[in-house]
Amino acid sequence: MHLRYSYRIYPTVGQRASLARTFGCARVVYNDALAARKEARKGGFPYPKSTDLQKLVITGAKKTAERAWLASVGVDPLIQSLRDLDTAYRNFFDSVSGKRQGRPVGLPRFKSRKDSRQSLRFTRNGFRVRPNGKLYLAKIGDVRVKWSRALPADPSSVTIVLDPSGRYHASFVVDVEPEVLPEVDAEVGIDLGLTTYAVLSDGSVIDNPRFLRKAEKKLKAAQRELSRKAKGSKNRAKARRKVARAHAKVADTRMDWLHKQTTKIIRETQAVYLEDLNVRGLARGRLAKPVHDAGWSTFRRLLEEKAARYGRTVGIVSRAFPSSQLCSACGHRDGPKPLAVREWACNECGVRHDRDLNAARNILAAGQADRLNAPGGPARPGVAIPRQARPVERGTHLSDPPRTDVRAAGAGGIPVR
Ligand SMILES: [Zn+2]
């Protein structure tokens with residue numbers, strides 16, 4: 001399975017200039033190819049093939065006066081940029097034909113130098129990790145990396161990302177074997193909420209850390225400062241980076257926390273069941289901020305990815321399942337209750353319930369029932385096969401389960417090759 005390992009990198013002033021130039025060239029290539037495809041479509045010509053496009057917007061373009069500067073950067077990131085466009089088109093077509101699930105994907109759009117996130121991808125020929133731990137990027141040079149944890153294997157590609165707060169990261173894709181953890185008996189249902197973050201069917205509770213709310217004062221102050229700076233001024237750009245940095249810090253803290261929680265759950269339980277929440281629906285209106293702050297989608301994604309990696313199961317219970325209406329003791333359906341009702345007694349059997357714990361127990365029962373009835377039987381392995389490599393583990397995250405191979409080699413970042 002493919003995993004992403006991300007590390008902060010520190011390019012020199014000169015390297016940053018080279019990177020900026022390469023970001024620009026990759027963007028131009030992407031936009032030129034997109035324009036060519038749009039034109040072909042308008043003119044009723046067949047959809048141009050990638051190889052033809054590559055000739056047109058890279059090899060051919062280099063020979064023209066207005067695109068000659070494309071030759072000043074490495075060719076690998078430019079080709080990868082075209083691949084990204086191919087992927088964007090494929091996602092669009094698959095979305096239209098219904099092959100791709102989830103929210104609809106639109107046509108690819110032109111990129112702008114003003115986009116808050118700039119990125120480049122290098123494949124095998126375009127990068128190397130030096131024995132001294134530096135990251136060699138073709139036509140950029142040897143870049144300093146903060147190896148917060150070791151790479152478990154040779155990476156197949158690396159994406160260099162510049163985020164709005166001005167930080168650079170190198171995100172490696174590494175192919176690793178799943179490492180199935182020894183089986184445990186425990187299975188849990190989880191009821192997610194905003195008052196408490198999660199209540200588990202075994203009675204344990206995860207408090208809501210509310211990172212955004214805690215940082216709100218600082219964020220507002222930074223935002224106010226930004227609004228006072230003159231448009232287009234250097235101070236305004238500085239203030240904008242400061243706002244972005246403050247937001248990035250909140251996101252980092254939240255991500256670390258989510259990693260810790262999901263790792264603990266996956267290690268301690270064989271199967272986890274969750275409700276399929278309509279996060280996008282909930283994230284509109286009054287609850288938008290707290291719902292966003294809770295990061296439920298990330299929580300679920302991390303659980304699914306870690307389950308796939310460690311041989312555990314994640315089951316998703318339908319949104320329509322009335323988890324808070326059923327009595328988990330006798331199964332009696334007691335009707336809907338307003339959110340304010342935190343505790344209630346079953347009309348049928350008289351058992352008193354904590355609302356969330358009862359819901360978690362119902363989710364567990366429903367999940368287990370679904371699994372027994374699933375095609376292929378109850379032995380169905382972990383649900384989620386990550387659709388593609390996604391940021392499963394950030395490089396700065398040190399609290400994930402230690403890898404024995406890494407330990408043997410000495411912790412603290414062993415660069416490959
Ligand atoms: Zn009952």
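Helix H5 (residues 234-268) lies across strands E8 (187-192), E9, E10 and E11 (271-275), and runs at about 175 degrees to E10. Helices (H or I, at least four residues) and strands (E, at least two) are DSSP runs, numbered from the N terminus. Axes are lines fitted to C-alpha atoms, for helices over the stretch in contact, and angles run from 0 to 180 degrees between N-to-C directions. The model is predicted: local features need pLDDT of at least 70, side-chain atom pairs count only at pLDDT 80 or more, and totals for chains, interfaces and linings use all residues. Residues are numbered from 1 along each chain as its sequence is written, and side-chain values use heavy atoms, with hydrogens and water left out.

**The sheet and its helices**

E8, E9, E10 and E11 belong to an open sheet of five strands with mixed pairing, in the order E10-E9-E8-E11-E12. Two strands pair if DSSP finds at least two bridges between them. Strand E10 (205-207) and strand E12 (313-317) each have a single partner strand, so one side of each is left without a neighbour in the sheet. On average, neighbouring strands of this sheet are turned by 20 degrees against each other, direction ignored. E9 (residues 196-200) and E10 run antiparallel and are joined by three bridges; Val199 has Val205 in E10 as its bridge partner. Helix H8 (residues 296-310) lies across E8, E9, E11 and E12, at about 140 degrees to E12.

**The protein as a whole**

The protein has 10 helices and 15 strands. Of its 417 residues, 45% are buried, where buried means under 20% relative accessible area, exposed over 50%, and partly exposed in between (1.4 Å probe, protein chains only).

**Aromatic rings and charges**

The structure holds 11 aromatic pairs. Rings of Phe, Tyr and Trp (its six-membered ring) pair if their centres lie within 6.5 Å; planes under 30 degrees apart count as stacked, over 60 as edge-to-face and the rest as tilted. Phe92 and Phe93 form a tilted pair, with 5.4 Å centre to centre and 55 degrees between the planes. Phe92 is buried at 16% relative accessibility, whereas Phe93 is partly exposed at 39%. Tyr7, Phe127, Trp147 and Phe172 form one aromatic cluster.

Two lysines sit over rings, as tabulated. A charge sits over a ring if NZ of Lys or CZ of Arg is within 6 Å of the ring centre and within 35 degrees of the ring normal.

| Lysine | Ring | Distance from ring centre |
|---|---|---|
| Lys111 | Tyr30 | 4.3 Å |
| Lys337 | Trp344 | 4.1 Å |

Methods
Contact = heavy atoms within 4.5 Å.
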